[in-house]
Amino acid sequence: MPAQRQLKLGAFMRPVSIHTGAWRYPGAQRDANFNFEHLKRYAQALERARFDAFFMADHLALLNMPIEALKRSHTATSFEPFTLLSALSQVTERLGLVATASTTFDEPFHVARRFASLDHLSQGRAGWNIVTTSNPDAALNFGRTEQPDHARRYARAREFYDVVTGLWDSWADDAFIRDADSGIYFDPARLRTLDHRGEHLSVRGPLHIARPVQGWPVIVQAGASEPGRQLAAETAEVVFAASGTIEDGQRFYADVKGRMDALGRDRDHLKILPGVLVVVGDTEGEARAIRARLDSLVHYESAIASLSVALGCDASRFDPDAPLPSLPETNASKSSQERVLRLAERESLTVRQLAQRLGGYGGLAMVGTAASIADQMQEWLETEASDGFNVMFPWLPGGLDAFVGQVVPELQRRGIFRREYEGRTLRENLGLPRPANRHFTP
């Protein structure tokens, strides 16, 4: 009889809650985005609960919304991801540490070097979330006047991945012999210069850091557009999906895993983890009341600004009490825009109603008791809608503590979530193989 499938759980920490009203909720630690002691406590709580990873998103510009709306956002200030995760690597032992790094506004050598360093510092717990950056304001922070178009960003991302992983393979695992008697520190025959020249990038190499502990840090991807799905099928080992319903999840899962089959990749070597906001109550009514109170803390200015970001255009110009009009072509995230359009159509929402939903958090949510939430997670797992979840907490620390204290034990009781880590590295805990070096045999 085959073993029961096990959920994989990441924590989307941005570095704290994604919900716009989270910092105003009673009992929330309002400065948590920029308070290391709070963040250390959260990471250690996640590790005690045997979460797979702490995932930190990154922004390369303030959110592109009016200052009157932005002034209400708790994400206006947060730590630079590598600085924070390097610090967290020293106060945790098994928890994976995943950071976002942009292929549009960074260089492969920088990314390869930083992630290799984090993997060594954490003894094999680093993961790279590949993003192409959809915020047009980011271009202005990097000496550019406009955002590259969507297709060009993804073409560069594909080549960027090849260069970064090639740099990680610069050294054989046994290159550093450190023979004091002979005075030989490394074997030159076990070093390779990349010498990449491509359409978008030219990188000589080699990387001057030993091969990462995991061979490569775990490759994570979040795009759901057509180019994003293909990039995931070709390169990703974890996908942070954005499925709004279990049926959406099943279609996305079948599509991406089917692309892997066509490419000859083992479908078990990619874990699909939809993002989900989880609100836990002692009763269903209490959980709904918590969500309603949380949503009530979002101002309309922030709500309409969030809708504008998701759509890639100024939604304040639309009639708030009418359905969404036809949208102009933009360079915004295609998958984000499509999710919003489907939500508006599925629930027949006006612009105002849609903005209010997105103003807090408009994606997949599980609101209920520990048992009902576990029921939903188990159904997603067993019907191949996901391999687990990237959990978002409604506020910190209360929402995290409720999930850890109530939902995790219920999942463990059902035998669908671990009680102990499988290994020390993120790859071991996710059940992913260590990549062979493409240029050297052991």
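Residues are numbered from 1 along each chain as its sequence is written, and side-chain values use heavy atoms, with hydrogens and water left out. Because the model is predicted, local features need pLDDT of at least 70 and side-chain atom pairs count only at pLDDT 80 or more, whereas totals for chains, interfaces and linings use all residues.

Helix α3 spans residues 81-89 (helices are DSSP runs of H or I with at least four residues and strands are runs of E with at least two, numbered from the N terminus). Within α3, Pro81, Phe82, Leu84, Leu85, Leu88 and Ser89 are buried (buried means under 20% relative accessible area, exposed over 50% and partly exposed in between, with a 1.4 Å probe and protein chains only). Seen down the axis of α3, these buried residues fall within an arc of 160°, so they line one face of the helix; the arc is that of the directions from the helix axis to the C-beta atoms. The buried residues of α3 pack against α1, β2, β3 (96-102) and α4 (108-121), where contact means heavy atoms within 4.5 Å. At the start of α3, a side-chain oxygen of Glu80 reaches to within 3.1 Å of the backbone nitrogen of Phe82.

The structure holds 17 aromatic pairs (rings of Phe, Tyr and Trp, the last by its six-membered ring, pair if their centres lie within 6.5 Å, with planes under 30 degrees apart counted as stacked, over 60 as edge-to-face and the rest as tilted). One of them joins Phe55 and Phe240, whose ring centres are 4.7 Å apart and whose planes stand at 70°, so the pair is edge-to-face. This pair links distant parts of the chain, since Phe55 is in strand β2 (residues 53-56) and Phe240 is in the loop between β8 (238-239) and α8 (246-263), 185 residues apart. Phe55 counts as buried at 4% relative accessibility, as does Phe240 at 11%. Trp380 and Phe389 also form an edge-to-face pair, at 5.7 Å centre to centre and with 65° between the planes; Trp380 is buried at 4% relative accessibility and Phe389 at 0%.

Gly27, in the loop between β1 (8-12) and α1 (36-48), is exposed, with a relative accessible area of 64%. Gly27 and Pro397 are 370 residues apart in sequence and 7.9 Å apart in space, C-alpha to C-alpha.

Terms used
A polar contact is a pair of N or O atoms within 3.5 Å; within protein, one must be able to donate a hydrogen and the other to accept it, and residues adjacent in sequence count only if both atoms are side-chain atoms.
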